[in-house]
Amino acid sequence: MAPTGEHGSGPSPASDIPLSGGDRRVVTALFADLVDYVRLLAEHDPEDVRTRVTTALVAMAESIERLGGTREKFIGDAVFAVFGWPEAHDDDAVRAALAALSIRASLLEPRDGAEPLEVRIGIATGEVVTADRAPSGNGDLGLTGEAITTAARIQALARPGEILVDGRTRDAARGRLALDGRGAVVLRGQSTPVELHALLGEAGLSAWTSHRAVPPGPLVGRDRERSILVEALQRCLRTGHGETVLVVGEAGEGKSRLLAALESTARRLGFAWAWTENVSYARGEPYRWARLFAQTAADEHHVDSGTFIRQLLFSDDLDPATAQRYGGAIAAIARDAAFSGWEAEAAFMPGDPAEVASTLFELAYQYLERLLSTTGPRVVVIDDLHWLDPSSIAIVELLVDATERYPLVVLAGSRPGPLPVWADRSSVQRLELHGLSEPETARLATLVARAALDAEGARSIHERTAGNPLFITETVRAFLEDGTLTWRDGRVAMATDAAPTVPVTLRAVLGARIDALDAAGRETLRVASVIGISFREGPLSDLLGTSPAPGALQRLAGAALISPTGYGAWRFAHPLIRDAAYSGILASRRRVLHARMADHLEAQTAVAVPLGQIARHRAAAGDPARALPLLREAAVYAMGMGAAAEAAAFWREAAELSAPGDPEASALDQGRADEAMAAASALREAAAVEPSQA
């Protein structure tokens, strides 16, 4: 039965409040300020200065927008931008850093004989509260959060021409940036030291792939998949022709880690190894992957890609007309690439885009034939295939075709979703990566923590991450930093009063998945997160105020965010997804939704609703007067059933909730929680239940 009397006295006033717009999200903020603006005004005509500054600001805005950032506003001779709003990407920190590098480079270019301009830039990552527009209606985005003020403070500390980033930006970039540590400082208006790093550039490919192999030690939990890849290499050596293996898995499942772990074996077997990757922010660059592959092959011979192409294709027997046609086509895509020596060919560039494309396709075919026929066995890795630029799709298919004729193994990693047409060929082997098992999770967590986790801690990490290796790694690191994981009896264990949050690095990854949904999907997922890790369509409809949009739940399941459990019930794929969705809701809106959920539960008459559920929704709704009696009643009920640990949790929550207004009652509740925990320990000892390593 539903509670009655004082605990069920009608709807909460908050449940009738309209739900507001906006959300909470992790963004990377960028502040860029021109140097010596005052001096320029003193030494030059104000009109000339205005023209130069306007040109510079336009160039800065272009760099920001090209990499998917949103310029919020110009502030005099400075610009403020965010990456991660209105749409999040899982590499927003990298995008912001690359935009900063582009800004600095563009200002150093001489313009009409004037001296180059210098800039100071600060970049910071963190949670902000967003609104559709600021109340002033001045066009600002209305973002509020510490990351914004941190970026501004960091920018003020930078030297002319310097780009400073904070520690969270470094962490969110996950090894993609080359940085020089500058120590920690306490910024004006803040109390916690902030780590500062000078941005030197984008990390080299070798540094990035090395970072993906962290933590050190053996590859955990992928023995079967690794054996399949090794067998593909061995078959290639036996038969003289290769094959393609497509590794498919969600972000963080370890596709890159698995492929990188194969390099030492491949080289030991005599394979040349070429690692290529794709990035989301460069999908619009024509032939990006093709140019990267050409340079990777040329690196083996210690020359630039243009020189290597000449050596490979432009032999004495190549007729002049074909040589000119090839040269013109290469010149058409040589911009921003180290294709030296093609400048003279620019005059012969074809005017017809279709002719350029067909010539490049012909040239790519000849290039691969020569490369593969003159070298030994080769492995080509294509990481993040889902971000391949459209111009290179046909060239990758040529590479896949070539595995049937040459000792070539193509290994590609991709997220689920639309796959290339060649993925369905019978000659292409597909590997699906899923989460690690609980023992494997415990092993990886031990490697990250550098200490063994107790059984309960390992189980909690596994449930929270569903065995996703990236999520395990980042969660353990975050829990060690915030004290959620502590030392106990010689092992690392979950603190009894822990309230785990989602690490910023994972908020970015999961936020990108949520932002990729349509509006109905985002709304459904976020509202469902208020109900809990599991939810039913009835309560969800009550909170939404209407039934979910047709097909919304099925699309969320197709995106691997939730899964059906039968009879109208659903469950989040794992708690981190639920927590990320919940974290995106404005606190004011959460309170309204929790109040509505409590009202829904109290209105139930056909089923018994646990008091603890209602109590926690009332507490989250900011209604301590109705939550406290329920929490204490739930604690007494649990204690009477011998569930001392659960009783302790209810009393602890009551103690925290009553502390601001009634310290004496809070102390009494905390004392009862301590007694219950002692009773729980005694019960464990009596049952001879000892924590053990999973």
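This report walks through two spots in a predicted model.

## Ground rules

The model is predicted, so local features need pLDDT of at least 70 and side-chain atom pairs count only at pLDDT 80 or more, while totals for chains, interfaces and linings use all residues. Residues are numbered from 1 along each chain as its sequence is written, and side-chain values use heavy atoms, with hydrogens and water left out.

Helix 15 packs against helix 16 (residues 455-465) at an angle of about 105°, with the axes 9 Å apart (axes are lines fitted to C-alpha atoms over the stretch in contact, and angles run from 0 to 180 degrees between N-to-C directions). Glu438, Thr441 and Ala442 in helix 15 meet Ala458, Arg459, Ile461 and His462 in helix 16 (contact means heavy atoms within 4.5 Å).

## A loop residue, Gln190

Now look at the loop between strand 6 (177-185) and strand 7 (194-202), where you will find Gln190. Its relative accessibility is 17%, so Gln190 counts as buried.

Beyond neighbours within four places in sequence, Gln190 is in contact with Glu146, Thr149 and Thr150.

Technical notes. Helix = DSSP H or I, 4+ residues; strand = E, 2+ residues; numbered from the N terminus. Buried < 20%, exposed > 50% of the residue type's maximum accessible area, 1.4 Å probe, protein only.
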